[in-house]
Amino acid sequence: MANNHNHTFSPVSSITDVGLQSVNQSSDYNCHGVLYTAALSIPAALFIVYIGFYLNKNVKKLTHRRSHVMIAYYLLLWLSAILNLAWCSLQAWQCAPGKEVSWNLLSLLTESGSLCLEISLIAFLLQENYATGLETLAHTFMISGLIVGVDILLKAIFVFGFGVPLFMDGETTHGGKWGMWTFDELLLTCTYGYILFVHYSKWRDKLPPRPAFYNYAVIMFMVHGTGLFACALGVSSVGFGIWLYSFIGICYHTLYLPFLYITFLADFFQEEDLLLDNAYYSEMRDAGFFDADWE
């Protein structure tokens, strides 16, 4: 007669299995601390407060100048600043179960906004002046929109199609992740390198005679060149490369938008102040307010 073995359910083993599963699941996420989130969020919030303080004044200047390109660029700056603040403030989504899709979508939007700013800025400045025509605006954003659209599509396929953790800081050994970021940094480094090459060549007259443009190109070439070096080290899982790339990311998200505003938009608004002052002076002079000074 065969012996019947009774299989009993053990509550203790069940609880242990659930506990181990929970620990293993939580270990798949790498949570940043409060200080890290604050270090990202505070500068991003302060920048929005700063440009918000001058919002009415700047809108009046843009309306008076009627530059469609600068108006579009100012709106794009605001959109990127809001997305960047959301990205900086919601770092906890990286380690929150069920938030992976939301985090990837937010990261894609934030990344595309910054990239669109970079590409459109180069296109704007290559017009040799702050062009005002709608045709120039359409041409500029057609180029930048096409490039950004292809970039978003590729990254979306990598993230949602192949499961590449592009935006997960805790994943530091995935070859696909480092390959994609290396490709991005290589293209941007080559772009800024080409601009600097043209500046010091016989074709320099084709570039706008604006010192701020070259200073911007030099700094961005150094930033993306360093990022390319960090990615090359990250592919080999070198700790210093991973740390360096993370540090560059923090600097980019906290300093890039203010750097853009101070370098280009602030200069545009200052030029508008000078134009308004000259216009007011001409009107007062024509009205005879300064006739007594000549007597």
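A: The answer starts with the basis of the values, turns to the salt bridges, and then moves on to the other features.

The model is predicted, and local features need pLDDT of at least 70, side-chain atom pairs count only at pLDDT 80 or more, while totals for chains, interfaces and linings use all residues. Residues are numbered from 1 along each chain as its sequence is written, and side-chain values use heavy atoms, with hydrogens and water left out.

A salt bridge here is a side-chain nitrogen of Lys or Arg within 4 Å of a carboxyl oxygen of Asp or Glu. The count by this rule is two. Asp 151, Lys 155 and Asp 184 are joined in a network of salt bridges. From Lys 155 to Asp 151, the closest N and O atoms are 3.2 Å apart. Lys 155 and Asp 151 are separated by about one helical turn, because they are four residues apart in helix α6, residues 134–161. Helices are DSSP runs of H or I with at least four residues, and strands are runs of E with at least two, numbered from the N terminus.

Lys 155 also meets the side chain of Asp 184 in a salt bridge, at 2.8 Å from N to O. This pair links distant parts of the chain, with Asp 184 in helix α7 and Lys 155 in helix α6, 29 residues apart.

Lys 155 is buried at 2%. Asp 151, at 10%, is buried, and Asp 184 is buried at 12%.

The ring pairs come next. Rings of Phe, Tyr and Trp (its six-membered ring) pair if their centres lie within 6.5 Å; planes under 30 degrees apart count as stacked, over 60 as edge-to-face and the rest as tilted. The whole structure has 15 aromatic pairs. One of them joins Phe 158 and Phe 162, whose centres are 6.4 Å apart and whose planes stand at 75 degrees, so the pair is edge-to-face. Phe 158 is partly exposed at 25%, whereas Phe 162 is exposed at 64%. Phe 167 and Trp 181 also form an edge-to-face pair, with ring centres 5.9 Å apart and planes at 70 degrees. That pair links distant parts of the chain: Phe 167 is in the loop between α6 and α7, and Trp 181 is in helix α7, 14 residues apart. Phe 167 is buried at 7%, and Trp 181 is buried at 6%. Elsewhere, ring pairs link Phe 47, Tyr 50, Phe 53, Tyr 54 and Tyr 261 into a cluster.

The largest core has 39 residues, of which Tyr 216, Leu 260, Tyr 261 and Leu 265 touch the most other members. Helices α2, α4, α5, α7, α8 and α9 each supply at least two residues of this core, and its largest share, 10 residues, comes from α9. Apart from it lies another core, of 23 residues, with Leu 83, Trp 87, Cys 88 and Cys 231 among them.

Ser 41 is buried at 12%. Beyond its neighbours within four places in sequence, Ser 41 is in contact (heavy atoms within 4.5 Å) with Leu 85, Cys 88 and Ser 89. A polar contact is a pair of N or O atoms within 3.5 Å; within protein, one must be able to donate a hydrogen and the other to accept it, and residues adjacent in sequence count only if both atoms are side-chain atoms. A polar atom of the Ser 41 side chain lies 3.2 Å from the backbone oxygen of Cys 88, and one lies 3.5 Å from the backbone nitrogen of Ser 89.

Another serine, Ser 80, is in helix α4 and is buried at 5%.

Lastly, a search of the whole structure finds zero disulfides, a disulfide being a pair of cysteine sulfur atoms within 2.5 Å. Cys 190 is partly exposed at 47%, and Cys 251 is partly exposed at 26%.

Notes: Buried means under 20% relative accessible area, exposed over 50%, partly exposed in between (1.4 Å probe, protein chains only). A nonpolar core is a set of buried Ala, Val, Leu, Ile, Met, Phe, Trp, Tyr and Cys residues joined through side-chain atoms within 4.5 Å.
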